[in-house]
Amino acid sequence: MDKYLFDTSSISELYHFYESRFVSLWDKFDVLINDGKINSIKEVKRELEALNRNNNIDKRQSIKKDFYIELTLKDFNSVKEILSIKGNRELVHRKSINKGTPCADPFLVAKAENEGYIIVTQEKYVANAINLPSVCKSRGVRCINLEQFMVEQQWTF
């Protein structure tokens, strides 16, 4: 059973599908959350809050479990390992360091790597760049976008 870990960019994109207009999309999304196939991490929730986006997936009435999951000690150790590679330090943007704002990317990679998640992000792979898809590729973590996720789920609306 594939499990998916959503990045901030994909959650933000998902909210262009208004709940009142795309009822069946949200019903299907909620089922996958409740079945444990879709999650994100608390650092993504902090990024959304810092961006002043009101994307409270875990507050939806139809959700029976927490959407934003906690990181484990193993995940934190993996983050340390990921960021020990010089180029990967660019995952934590200088702006995030200076302003003290959240940066979920290394934590997403660690959680996905440790628990077998597929990351869903709107970021695009760019050769020789340090971004979420390129670090995923270097660590053997599968990374897809929201449309690819919907295709894999065989969703049509």
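Visitor: Which residue forms a salt bridge with Glu70, and how far apart are the closest N and O atoms?

Guide: Glu70 forms a salt bridge with Lys42, and the closest N and O atoms are 3.1 Å apart. Please note that this is a predicted model.

Visitor: Where do Glu70 and Lys42 lie?

Guide: Glu70 belongs to the loop between β3 (68–69) and α4, and Lys42 to helix α3 (residues 42–50), so the pair ties together parts that are 28 residues apart in sequence.

Visitor: Is Glu70 buried or exposed?

Guide: Glu70 counts as exposed, with a relative accessibility of 52%.

Visitor: Moving on to α7, how many of its residues are buried?

Guide: Helix α7 spans residues 132–139 and is mostly covered, with 6 of its 8 residues buried. Those buried are Leu132, Pro133, Ser134, Val135, Cys136 and Arg139.

Visitor: At what angle do α6 and α7 pack?

Guide: The angle is about 30°, and the axes of α6 and α7 are 10 Å apart. That makes α6 roughly parallel to α7, because angles under 35 degrees count as roughly parallel. The crossing of α6 past α7 is right-handed.

Visitor: Which residues make the contact?

Guide: On the α6 side they are Asp105, Leu108, Val109 and Glu113; on the α7 side they are Leu132, Val135, Cys136 and Arg139. By class, this contact of α6 with α7 has 5 nonpolar, no polar and 3 charged residues.

Visitor: Back to Arg139: is this residue buried or exposed?

Guide: Arg139 counts as buried, at 17% relative accessibility.

Visitor: What does Arg139 form with Glu113?

Guide: Arg139 forms a salt bridge with Glu113, in which the closest N and O atoms are 3.1 Å apart. Since Arg139 lies in helix α7 and Glu113 in helix α6, the pair ties together parts that are 26 residues apart in sequence. Glu113 is partly exposed, with a relative accessible area of 29%.

Visitor: And what about Arg139 and Glu81, how far apart are the closest N and O atoms there?

Guide: In the salt bridge between Arg139 and Glu81, the closest N and O atoms are 2.9 Å apart. Glu81 lies in helix α4 and Arg139 in helix α7, so this pair ties together parts that are 58 residues apart in sequence. Glu81 is partly exposed, with a relative accessible area of 45%.

Visitor: A change of topic, to the backbone. Which residue just after α7 takes a positive phi?

Guide: Gly140 does, with a phi of about 75°. Asn128, a residue other than glycine, also has a positive phi, near 65°.

Visitor: Where is Asn128 found?

Guide: Asn128 is in the loop between β4 and α7. At 84% relative accessibility, Asn128 counts as exposed.

Visitor: What is phi for Gln154?

Guide: Phi of Gln154 is near 60°, which is again positive in a residue other than glycine. Gln154 is placed in the segment after α8 (146–152), and counts as exposed at 70% relative accessibility.

Terms used
Residues are numbered from 1 along each chain as its sequence is written. This is a predicted model: local features need pLDDT of at least 70, side-chain atom pairs count only at pLDDT 80 or more; totals for chains, interfaces and linings use all residues. Side-chain values use heavy atoms; hydrogens and water are left out. Buried means under 20% relative accessible area, exposed over 50%, partly exposed in between (1.4 Å probe, protein chains only). Helices (H or I, at least four residues) and strands (E, at least two) are DSSP runs, numbered from the N terminus. Axes are lines fitted to C-alpha atoms, for helices over the stretch in contact, and angles run from 0 to 180 degrees between N-to-C directions. Angles under 35 degrees count as roughly parallel, over 145 as roughly antiparallel, 65 to 115 as roughly perpendicular and the rest as oblique. A crossing is left-handed if the near helix is turned anticlockwise from the far one by less than a right angle, and right-handed if clockwise. Contact means heavy atoms within 4.5 Å. Ala, Val, Leu, Ile, Met, Phe, Trp, Tyr, Cys and Pro count as nonpolar, Asp, Glu, Lys and Arg as charged, and the others, Gly among them, as polar. A salt bridge is a side-chain nitrogen of Lys or Arg within 4 Å of a carboxyl oxygen of Asp or Glu.
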